[in-house]
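Here is a short briefing for a first look. Start with the model itself, then turn to the topics below.

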Amino acid sequence: MTTADANTAVVEGLLNKVRKAITRYSMVQRGDTIVVGFSGGPDSTALLHALRLLQAEWDIRLVAAHLHHGLRGTEADEDLGWVIAHCEAFGLELRYERADVAARRRRLKLSLEQAAREMRYAFLQRVAKEEGASRIAVGHTLDDRVETVLMHLLRGAGMEGLVGFAAVQGPLIRPLYFVRREETKAFCAALEITPRCDSSNQSTEFLRNRIRLELLPLLKAYYSDHVEDALARMAELLAADNEVLESLAREKLKELAETPGPKTLMLSVERLRALPIGLQRRVLRQAIQEVRGSLQDVDFATIEAFLEGEEGLSTQLPVFMGRSVRLRVKAWKLYIEELRPQASAVPWQLELKVPGTTEIARNGWRVDAVFWEEERELEGILNKEAFTWEVLLDPNTLVFPLRVRSRRPGDRIEVKIENRLKHRKLQDIFVDAHIPKELRAEWPVVVDASDRVLVVPGLAHAADVVEVGPNLAKMDISVKNYRLVLRFEAPNAYR
């Protein structure tokens with residue numbers, strides 16, 4: 001067999017597996033517009049080109065989408081440059097954006113993986129909406145399925161977790177569902193494409209990487225050479241059984257659920273408890289997913305608490321994609337409701353004590369103002385605790401007194417983006433940061449006497465304000481004139 005024949009066999013082999021996934025799970029309809037998550041790595045590159053080669057066969061339009069996470073420094077910049085040049089070379093449509101994953105991680109107390117995942121999927125969904133796309137394709141392979149099964153197994157998941165992930169989840173499709181990671185690399189090589197390599201994939205800081213780099217090789221070496229195939233087969237069997245049970249739970253949810261208000265479901269505690277315990281869990285999980293849009297970070301303990309709970313039990317679930325949801329039991333009815341802002345927020349304003357401490361009683365925020373003298377150590381003034389935001393200001397550029405207030409219609413702040421000054425609406429900043437609407441009216445905004453917006457803690461600061469923190473010693477900045485330190489401490493709801 002010649003090299004050309006071998007390459008053709010590799011390409012056709014992967015394309016046939018993609019065809020199998022598309023057909024079996026009805027992933028694509030003729031004429032669809034599909035947004036393709038494109039990081040530049042082997043999997044997403046193979047996905048994009050597989051769909052490109054099948055484009056005429058399915059009469060589909062493709063839009064590649066790349067999110068620069070603001071991590072990995074110059075390596076990520078080079079990834080973006082490669083993606084842009086690659087799409088231009090192949091005549092592919094491309095949408096790309098830059099994000100600050102680290103800031104979101106700090107603000108919402110998320111893991112780096114979770115913060116990146118949420119921002120990535122929010123970006124893909126937004127691009128899909130703007131492009132009129134009915135599907136979002138991501139490059140998850142059979143190896144990713146196996147790793148996900150093991151991750152969920154180690155965390156004590158039920159049948160839903162041991163499925164790994166579905167081939168189709170709403171608009172999300174995974175055409176590489178039956179494809180191995182080694183096949184995506186061979187496919188790229190056969191097309192004479194050298195994809196990018198993400199160095200963070202070799203870091204054992206992340207659980208998924210440890211499973212891929214340490215646990216799976218150990219299982220293969222000591223127990224079975226075919227462990228991935230066995231786990232994938234188990235996941236397939238469980239997926240079929242799980243779908244039957246989920247279908248039954250959907251029927252029961254329709255019977256039990258009432259909608260006493262918008263974005264609210266109500267279940268009778270008595271009728272819910274009359275079901276078998278396994279069905280109780282599934283009905284409650286489906287109800288939460290219907291209102292919240294996701295079961296991410298909804299743990300076993302939360303579900304059990306409300307299945308066994310008494311009158312008056314209440315909890316707010318972790319914010320997901322900017323949505324805040326509460327579960328509560330009242331009059332033996334279980335309410336699952338999205339928290340919404342009050343119909344009319346009352347504007348508020350306080351004068352900051354400079355120097356001194358300003359407590360904002362209405363929302364629990366605290367602002368400390370300290371003048372830094374040259375002979376004092378700046379790091380001795382800074383607070384190293386988590387979820388404390390600090391900035392340095394030059395008093396010579398301010399019009400005193402300083403005030404802290406609620407945001408107002410039309411508020412803008414002058415920020416520096418890629419070394420260019422730009423005025424941004426606070427409304428846009430809150431939306432981009434996925435801040436729930438009910439928190440925006442109480443989020444503090446610091447202004448001077450001329451009403452110039454200086455700081456929106458944790459979200460934005462004016463171009464002539466310096467954001468500081470525990471890594472100040474590593475920052476290459478001049479603080480000669482920045483003599484005023486503002487420290488913001490937020491209550492739990494805002495973190």
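**Ground rules**
- Residues are numbered from 1 along each chain as its sequence is written, and side-chain values use heavy atoms, with hydrogens and water left out.
- In this predicted model, local features need pLDDT of at least 70, side-chain atom pairs count only at pLDDT 80 or more, and totals for chains, interfaces and linings use all residues.

**Helix pair**
- Helix H11 (residues 227-256) and helix H13 (residues 277-292) have axes that come within 9 Å and cross at roughly 70°.
- Helices are DSSP runs of H or I with at least four residues, strands are E runs with at least two, and both are numbered from the N terminus.
- Axes are lines fitted to C-alpha atoms, for helices over the stretch in contact, with angles from 0 to 180 degrees between N-to-C directions.

**Sheet**
- Five strands form an open, antiparallel sheet in the order S11-S15-S18-S19-S20.
- Strands S11 (349-351) and S20 (460-461) stand at the edges with a single partner strand each, so one side of each has no neighbour in the sheet.
- Two strands pair if DSSP finds at least two bridges between them.
- Strand S15 (residues 403-405) is joined to strand S18 (residues 445-447) by three bridges, running antiparallel.
- Arginine 405 has valine 445 in S18 as its bridge partner.
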